[in-house]
Protein chains: 2
Amino acid sequence: MRPRVVIVGGGFGGLYAARSLRRAAVDVTLIDRRNFHLFQPLLYQVATGALSPGEIASPLRYVLNGQKNTRVLLAEVVDIDVDKREVVLDDRSRVPYDTVILATGATHSYFGHPEWEAFAPGLKTIEDATEIRSRVLLAFEQAEKNTESPEVRRANLTFVIVGGGPTGVELAGAIAEISRDTLQKDFRSINPADANIFLIEGTDRLLPAYPPKLSHAAEKALIKLGVQTRTGAMVTGIDEHGVTVKTGNSVAEFPASTVLWAAGVAASPVGKILSDRLGLTLDYAGRVPVEPDLSIAGHPEILVIGDLAAFLQDGKQVPGVAPTAIQQGRYAAKLIVNRVLDKKTEPFRYFDKGSLATIGRNQAVAEIGPFQFSGIFAWLAWLFIHLLYIVEFENRLLIVVQWAYDYFTHNRGARLITGEQQK
Amino acid sequence: MRPRVVIVGGGFGGLYAARSLRRAAVDVTLIDRRNFHLFQPLLYQVATGALSPGEIASPLRYVLNGQKNTRVLLAEVVDIDVDKREVVLDDRSRVPYDTVILATGATHSYFGHPEWEAFAPGLKTIEDATEIRSRVLLAFEQAEKNTESPEVRRANLTFVIVGGGPTGVELAGAIAEISRDTLQKDFRSINPADANIFLIEGTDRLLPAYPPKLSHAAEKALIKLGVQTRTGAMVTGIDEHGVTVKTGNSVAEFPASTVLWAAGVAASPVGKILSDRLGLTLDYAGRVPVEPDLSIAGHPEILVIGDLAAFLQDGKQVPGVAPTAIQQGRYAAKLIVNRVLDKKTEPFRYFDKGSLATIGRNQAVAEIGPFQFSGIFAWLAWLFIHLLYIVEFENRLLIVVQWAYDYFTHNRGARLITGEQQK
């Protein structure tokens with residue numbers, strides 16, 4: 001019988017692992033609780049009405065349907081029986097493995113304040129994105145309807161984004177563009193450009209993982225777009241009225257009907273399962289410590305990749321971005337193939353191709369190798385690289401057409417308020 | 001002060017009325033509870049994974065943003081104060097009118113069996129479409145997972161569509177294509193082509209509103225696609241196990257995990273409001289009887305158009321299709337303009353441009369003037385006319401690209417299982 005490889009999670013890590021095993025003499029089972037792979041770097045474009053969910057999601061079965069040695073299972077993994085080497089699914093059925101690749105990613109973390117989630121949704125799933133889209137659009141609608149109280153109208157037109165990493169920067173820039181540009185002629189009682197957009201960051205600069213030069217370029221570009229940035233500012237409370245922020249010794253209230261969470265992430269609950277079963281100590285973000293070959297110490301048959309893995313390189317956790325997951329997914333596949341061939345594999349090493357964050361129309365910041373740049377060239381680099389990576393997607397052509405259309409018309413066509421409560 | 005025109009509903013009737021008033025010396029308020037216009041004739045394409053919601057919906061504010069005399073309100077109308085001439089919104093605020101155009105359309109009707117709705121969703125809203133899409137795709141997923149009971153697997157792979165009108169025919173044809181073509185290589189334990197697709201129609205032929213020749217052409221094309229048609233068959237029960245169907249004196253059970261409702265429609269609840277306030281008698285489908293100029297007898301300031309209006313022409317109710325609503329919307333606008341100019345308006349007359357129903361790839365039936373035809377030419381006519389009418393949409397180009405892509409690759413890219421319960 002051929003070795004059975006079970007991959008849990010169809011994100012960048014899991015999908016690239018599966019694809020890299022397509023010619024290997026193994027039987028692959030990819031398990032995900034969703035039936036599609038999501039191109040998460042563009043999720044903020046759905047949240048801000050520029051793209052539709054279908055344009056950044058591709059059915060896993062479709063992506064893998066030409067791969068004869070692979071089957072896809074739509075199921076949630078609720079346990080891992082490390083002794084019997086079986087993955088336990090939500091319907092209690094079990095899938096045996098010879099090697100398992102765990103690639104279940106990360107979710108939001110509200111720093112010990114789960115009660116904030118209801119008021120400040122994060123951006124991880126398609127549903128998160130359509131929920132944020134509805135909230136942002138409804139806020140403008142409420143302001144248009146409210147003709148009595150200027151305070152309420154001001155709160156309706158105030159958007160607070162918590163977290164100044166790439167997602168926060170992208171969201172703030174996109175909402176600024178919506179209010180200053182896209183919605184310009186859409187309302188009669190309000191001027192959408194009156195919207196206040198606050199970007200709150202706890203450290204002393206935006207994009208703290210980037211070089212300071214780019215942080216400052218990003219901040220400058222955001223301010224030009226009309227975003228009000230607050231660095232060194234800690235959020236101490238979020239409720240239906242808005243956000244409380246502490247900067248140094250002063251505390252300020254930001255009355256706002258829309259608060260978006262782009263701050264903390266925590267590894268998926270599969271980390272907790274492993275720690276319970278194997279007595280592992282997870283890192284502060286719930287990630288699973290791995291060996292240089294991404295396996296768990298004493299369990300070479302369990303590989304952990306992507307946002308779920310605590311992998312230190314030169315003493316530093318590798319960044320939680322798509323390229324890390326892709327490289328680790330490919331490495332895990334190579335390791336499995338080498339084991340079948342009885343070949344040795346060098347330890348995993350993350351190759352940093354650079355960092356990019358887009359701010360808005362024609363605006364981005366980039367660090368590629370020794371080069372740091374911002375402005376339209378960074379934006380073109382961002383565009384090019386995203387189109388390159390979305391190559392795996394059948395919808396690439398559509399995204400290009402949609403982007404080109406939006407670019408030339410200054411429009412965002414997918415501005416739909418949808419969802420259960422809207423029925 | 002300029003006359004105030006309030007339009008309730010942003011479907012084909014309301015939107016075309018608003019657009020036709022763009023140069024009139026009136027103040028227009030368009031009220032809809034959704035923030036977008038929906039191109040309903042293509043909703044079944046969303047339900048079957050070919051198009052994304054954003055591709056067939058366009059924000060009302062965007063469509064009307066260049067129209068200076070028009071404002072859009074996102075609100076639900078809960079009452080109409082016919083004495084004070086005010087429309088009452090869900091937040092209890094009131095919008096005064098000199099003329100009101102009621103264009104709130106229709107919803108599903110389960111023939112006195114509201115308990116069927118939970119098991120057999122209909123197709124009217126974007127949420128209906130994504131719900132149906134999820135159910136159809138999940139049924140295949142369940143069948144793939146279920147390795148024990150052949151009966152359960154057979155029920156998982158059985159799809160029953162109730163109602164043989166255009167929507168039912170389109171849904172049945174699309175699901176047949178998905179199972180025979182799109183999903184062909186996607187599964188490992190099942191063959192999606194084993195799916196049983198039943199189309200149940202109460203009258204003695206499919207598409208009863210069309211000429212018999214086209215009904216038979218449609219049935220032949222559906223059978224060729226693998227659809228099993230049942231005419232003269234009444235549904236007497238629907239529950240979680242499937243559908244009970246009575247044909248003549250025999251009763252048959254159709255065990256099925258997916259049942260879709262494409263049978264009855266009823267006018268929107270605004271009809272009931274009018275009947276309560278004015279003592280009107282609605283027709284059997286809850287529609288509001290109107291005068292030859294689409295106004296309500298004794299209330300020339302209340303116009304009713306589209307699926308909400310009971311308008312008899314040559315003794316027959318005009319069909320509940322987009323062209324009727326568009327023509328009535330344009331007529332209502334003309335009537336209002338003529339009144340301002342003190343000009344007489346001829347009674348409304350529906351001009352039947354023909355009927356079309358698409359069955360699948362290269363297959364449709366058409367009746368245009370004296371011509372009745374089916375096959376690829378009917379399909380090309382369908383394509384051409386839908387592209388022509390979607391002209392009003394900014395997304396037309398994208399839809400063409402998406403269709404062309406799907407056509408040549410035999411794919412449906414928007415096969416996402418999304419929604420609250422999937423989070």
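In β13 of chain B, B:Gln228 is the bridge partner of B:Phe198. That pairing belongs to a predicted model, in which strand β12 (residues 196–200) of chain B and β13(B) run in the parallel sense over four bridges.

**Sheet of chain B**
- An open sheet is formed by four strands of chain B with parallel pairing, in the order β13-β12-β11-β17.
- Its edge strands, each pairing on one side only, are β13 (227–230) and β17 (258–261) of chain B.
- From one strand to the next, the twist averages 20°.
- Helix α7 (residues 212–225) of chain B lies across β12 and β13 of chain B, at about 140° to β13(B).

**Domains of chain A**
- Chain A is assigned domain 1 (4–108 + 266–340) and domain 2 (109–265 + 362–422).
- The C-alpha centres of domain 1 and domain 2 of chain A are 29 Å apart.
- Domain 1 of chain A contributes 25 residues to their contact, and domain 2 of chain A contributes 33 residues.
- On the domain 1 side, the elements giving two or more residues are α2 (43–47), β4 and β10 (106–109) of chain A.
- The most comes from α2(A), with four residues.
- This side of domain 1 comprises 17 nonpolar, seven polar and one charged residue.

**Contact between chains A and B**
- Chain A supplies 44 residues to the contact and chain B supplies 43 residues.
- On the chain A side, two or more residues each come from β4 (57–59), α3 (60–63), β5 (70–74), α4 (126–145) and α11 (396–409) of chain A.
- By class, that side of chain A holds 17 nonpolar, 13 polar and 14 charged residues.

Technical notes. Residues are numbered from 1 along each chain as its sequence is written. Chains are lettered from A and ligands numbered from 1 in the order in which they are written. This is a predicted model: local features need pLDDT of at least 70, side-chain atom pairs count only at pLDDT 80 or more; totals for chains, interfaces and linings use all residues. Two residues are in contact if their C-beta atoms, placed from the backbone, lie within 7 Å. Ala, Val, Leu, Ile, Met, Phe, Trp, Tyr, Cys and Pro count as nonpolar, Asp, Glu, Lys and Arg as charged, and the others, Gly among them, as polar. Domain bounds come from an automatic or database domain assignment. Two strands pair if DSSP finds at least two bridges between them. Axes are lines fitted to C-alpha atoms, for helices over the stretch in contact, and angles run from 0 to 180 degrees between N-to-C directions.
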